[in-house]
Amino acid sequence: MLVPFFDMKAELAAVRADVDAAIARVLDSGAFIGGPEVTEFERDLAAYTGATHALGVSSGTDALHVLAMALEIRPGDEIVTTPFTFFATAGAFARMGARIVFADVDPCTLCLDPHAALAACTSRTRAIVTVNLFGRLADLPQNAPCAIIEDAAQSIGSGPPRGLAATLSFFPTKNLGACGDAGAVLTGDSVLADRIALLRSHGARPKYQHLSIGGNFRLDAIHAAVLRAKLRYLDEWIAIRRRHAQRYRELLADASVPDLRVLPDAPHHVYNQFVVLTPRRDVLRGYLAAKGIGSEVYYPEPLHMQPCFAELGYKTGAMPRAEAACAEALALPISPSLGRLAQDRVVDAVVDCLKCK
Ligand SMILES: *Cc1c(COP(=O)(O)O)cnc(C)c1O
């Protein structure tokens, strides 16, 4: 029995009729850019997340980028963030000319350490960008001298934005996935929301009068319709993910596996990923692969060591906790379609591998 890391066809099969109907509705309407599907999805998303404003955009990356544009991030501005995340968290701000200042992660949660983040702030810091990694709400810095932004690409369903804004991704493997690229910005700030609405469509208001230099960061109607249909199932899917995580935790604890650490649970954790840490990570990943069990490494290389950030001058050892996480973290299958027997197979294989040296 093969256990895929993520079974796209099985995930889609569960809602296929709803998705087909949503796509057909858009095709029949002939309205592919903007229109009621987009505004209705934004309204549903705001209601679901508890955000005052929800703005659909073209991807999670573009959500961060258009937010950076709306905040008028300029060369010389500093952004403090975590090196243990997907590239876009830092890349979206670096593209605006910001200097990225990395601060190390909390060893317990692997999210940005709020104390390290505060210590990295200077008078030039415009924002601390924290990441709700793997679906867990990161602890926020208290009394920060700048804006707090949450990269919530992996944590939809864990509540409203806690800082100035939060960005979402609807990449197909996120907890709410589109049939393509899509994203959103959530904020309680009406002025910021209005700027994002302007910038995502070439800064035009009205049409052909360009108040600002924006871009095309719009959410397509077809994605909005699919997302709206799937949003109705999201709470159920999150509940299943949480049950899977709980079961992994119990089974792995009962087996008392040597050299294995499981990241701790948290109240609003939505488990986009279930991650374990072991110094024998690569051996374990190979062992699982040989048994037909999928796993993934998030993330193999910390951002401060990426070639494109070489000019920032970070050396190996600069962010020891993030570097250790990159060497030891392994994500196990946790999607809603994962069956009980499949999960047992994963646990058995992890135990077998780590119990024999
Ligand atoms: C997925 C992800 C993104 C980027 O989202 P896309 O929709 O793929 O552009 C950004 N940040 C984090 C933490 C992510 O997991």
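Tutor: Start with a definition: helices are DSSP runs of H or I with at least four residues, strands are runs of E with at least two, and both are numbered from the N terminus. The model is predicted. Leu-110 lies in the loop between strand E3 (99–102) and helix H6 (114–119).

Student: Why is Leu-110 called buried?

Tutor: Buried means under 20% relative accessible area. Leu-110 has 3% relative accessibility, so Leu-110 counts as buried.

Student: What is the phi of Leu-110?

Tutor: Phi of Leu-110 is near 65°, which is positive, and the residue is not a glycine. Most residues other than glycine have a negative phi.

Student: Where does Asp-259 lie?

Tutor: Asp-259 is in the loop between helix H9 (234–254) and strand E8 (261–262). Phi is positive at Asp-259 too, near 60°.

Student: Why is Asp-259 called partly exposed?

Tutor: Buried is under 20% and exposed is over 50%, with partly exposed in between. The value for Asp-259 is 33%, so Asp-259 counts as partly exposed.

Student: Which peptide bond involving Pro-206 is cis?

Tutor: The bond from Arg-205 to Pro-206 is cis, with omega near -10°. Pro-206 sits in the loop between helix H7 (190–199) and helix H8 (221–231).

Student: What is omega for the cis bond that joins Tyr-298 and Tyr-299?

Tutor: Omega is about 0° for the cis bond between Tyr-298 and Tyr-299. Tyr-299 belongs to the loop between helix H10 (281–290) and helix H11 (320–328). Most peptide bonds are trans.

Terms used:
Residues are numbered from 1 along each chain as its sequence is written. This is a predicted model: local features need pLDDT of at least 70, side-chain atom pairs count only at pLDDT 80 or more; totals for chains, interfaces and linings use all residues. Side-chain values use heavy atoms; hydrogens and water are left out. Buried means under 20% relative accessible area, exposed over 50%, partly exposed in between (1.4 Å probe, protein chains only).
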